[in-house]
Amino acid sequence: MDMSFIITVSNLQKHFKVSRHHRGLTGALRNLFSRDYELVRAVDGVNFQIRPGELVGYLGPNGAGKSTTIKMLAGLLVPSGGELWVNGCVPWRERETYVASIGAVFGQRTTLWWDLPVIESLDLLEHIYKIPRERFRHNLSEFREMLDLDPFLNTPVRSLSLGQRMRADLCAALLHDPTLLFLDEPTIGLDVVAKERIRQFIQHVNDQYGTTVILTTHDLSDVEKLCKRVMIIDHGRLLFNGELETLRDRFGGKRELVVDFAQAYEDTAVEGAQVTEREGQRVVYQFERGSITASELIGRLSARYRIRDLSVREPDIEATIRRIYEQRLLEP
Amino acid sequence: MWRVLDLYRRLLAVQIRAQLQYRIAFWFDLLGTAGITTLEFGTLALILQRFENVGGWKLGEVAFLYGLIDMAFGTMDMLFSGFDPPFFGQQVRQGRFDQLLLRPVNITLQVLGSRFEMRRLGRIAQGGLIVGAALALTKAHWTLAKVIYLPVVFVSQVSFFGGLFIVGATITFWTVESIEVINIFTYGGNEMMCYPMHVYPDWMRRFFTFVVPAIFLNYYPALYFLDKPDPFNMPPFVSFLAPVAGLGVLVAALAFWRFGIRHYASTGS
């Protein structure tokens, strides 16, 4: 085991037996007596390593094997094959020791006590995780401020809004200074403001404490704002594992330059880019990554025209990833 | 060990505080559970008045058996309500059990601490009153040995029922469709243990002797407490097997529970 990695996963597999159901009335009778099983390879030979302090986005369509991987990493599931080292432990083998060193937020569920005021749940966690008094007080006061928990600290969890609950759950997951944080859909169902607050907090925890974060999400703006590195899984296999930039460069499609000219020009054509939209003084150019840089293009334009304002639009990461899934651009 | 007890105390305190938030609901629940028991036992008492006895046992003697089992089951239902099979099955399906597994605390302790049904106090109190009435009605001779043995039998019954709940909860790792079958063992077992065992057919009594050793927990100890003769001519020490049977069932249930958790970790469903 290499200590420079906080997570080492090699040839990880998880297979489930799923009983096959027969249809119709006779089928229902057959179900009573016979059981046919089908082997589902939810995770089928996955390899990756993660260094301490990384903030990694783990992406994939529903049923791709994302949450099965996370469950194995969190020690909830025993792998069918392969090896898994996290924080120097085999998660499922030493559950109690291992889970003390991690934090986890599963977006749809809460770890807090439903009928209790938030603060009482948090106080209870101090005892559950045996957090030293001083540490607990320090972390709580910091998270209270950063996540703005004070307005609902005495409200029972059942009366919180989704965003408030998520903030309380994030606080709960980090009070014991975990070195590793698993976030499964942390921004699901939240409005833009609430999402932004949560992202800022995750970034802060990663910067400030060097907490390693593994994040699964359907909202790719989470990934764009937070993660340098992404892993993409589909049909139980990793399709991509690397920098977000690399993913963009390889599959990103075209970038766009939006220019507001000082006056309406008749002819705005320029070499290396195509005009895709025109509206008064505003013109949108599309250009290929690799064939021309944004600054070259701006240089050419400003040599010919008077420009008032401009901005570069990166290709939508969501569209990129959708293309990868749909066209199966990355065969394993 | 102290840490474990301290944590358990805190988890229970949380449950109690949460339940006291709904004060009116709490009192209604308490009255409700107590009321049902009273009604059930009232019906039995009326029938007994008509027929004088159940299998040769008089009202006071049946009341002793009935009240003791009621108290024990109520106490168990309060302490082990986290293991109540339908409740536990739901916790597993909703992912709440996974949340417990993510905490660095013994999982059995956490399930015990996850629910504490205070309203069972109604049933316990009712059982206590019935036992009290039974003691007034029967003329059994209370020796020191009996006074010491009574709480032992009570604790054994609580462990026995607790074991049944744990077995039921564990089965929900495999299937939730058989919840009704599990209820036959827990609630049905509780119900049948309220009456003297010799009124049941042989096969049923054999089942509750050799498969589920319920007979050693209510019937035989009761024969001893009430100075009744044993119609099956078993050796007299059989009346003192309650702790063996009670703890035995609990220990076996906990072993099955650990096996179930291992199975759960390999299937996640």
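What follows is a working chat about the structure above.

Me: What kind of model is this, and how are residues and chains numbered or lettered?
Reply: This is a predicted model, in which local features need pLDDT of at least 70 and side-chain atom pairs count only at pLDDT 80 or more, while totals for chains, interfaces and linings use all residues. Residues are numbered from 1 along each chain as its sequence is written, and chains are lettered from A and ligands numbered from 1 in the order in which they are written.

Me: How many helices and strands are in chain A?
Reply: Chain A has 11 helices and 13 strands, taken as DSSP runs (H or I of at least four residues for helices, E of at least two for strands) and numbered from the N terminus. Its C-alpha trace spans about 75 × 60 × 50 Å along the principal axes.

Me: What share of chain A is buried?
Reply: Buried residues are 36% of the 332 residues in chain A, where buried means that 20 or more other C-beta atoms, placed from the backbone, lie within 10 Å of the residue's own.

Me: Which residues have the most contacts inside the largest nonpolar core?
Reply: They are A:Val56, A:Leu170, A:Cys171, A:Phe182, A:Val230 and A:Ile232, in a core of 78 residues; such a core is a set of buried Ala, Val, Leu, Ile, Met, Phe, Trp, Tyr and Cys residues joined through C-beta atoms within 7 Å. Helix 6 of chain A (residues 162-174) gives the most to this core, seven residues.

Me: And what does A:Cys171 touch?
Reply: Leaving out residues up to four places away in sequence, A:Cys171 touches A:Leu122, A:Phe143, A:Leu147 and A:Leu149, a contact being two C-beta atoms, placed from the backbone, within 7 Å.

Me: Back to helix 6 of chain A: how does its axis lie against that of helix 7?
Reply: The axes of helix 6 and helix 7 (residues 192-209) of chain A come within 10 Å and cross at roughly 10°, with axes fitted to C-alpha atoms over the stretch in contact and angles running from 0 to 180 degrees between N-to-C directions. That makes the two helices of chain A roughly parallel, the word used for angles under 35 degrees.

Me: Which residues meet there?
Reply: A:Gly163, A:Met166, A:Leu170 and A:Leu174 in helix 6 meet A:Ala194, A:Ile198, A:Phe201 and A:Val205 in helix 7 of chain A.

Me: Switching to sheets, what is the strand order in the six-stranded one?
Reply: This open sheet of chain A has the order 5-6-7-3-8-9 with mixed pairing, where two strands pair if DSSP finds at least two bridges between them. Strand 5 and strand 9 (237-243) of chain A stand at the edges with a single partner strand each, so one side of each is left without a neighbour in the sheet. The twist averages 15° from one strand to the next.

Me: In what sense do strand 3 and strand 7 of chain A pair?
Reply: Strand 3 (residues 55-59) and strand 7 (residues 212-216) of chain A pair in the parallel sense over four bridges, and A:Tyr58 has A:Thr216 in strand 7 as its bridge partner.

Me: Last topic, how many residues does each chain bring to the contact of A with B?
Reply: Chain A brings 23 residues and chain B brings 17 residues. On the side of chain A that touches chain B, the largest share, four residues, comes from helix 4 of chain A.

Notes:
Buried ≥ 20, exposed ≤ 12 C-beta atoms within 10 Å, placed from the backbone. Parallel < 35°, antiparallel > 145°, perpendicular 65-115°, else oblique.
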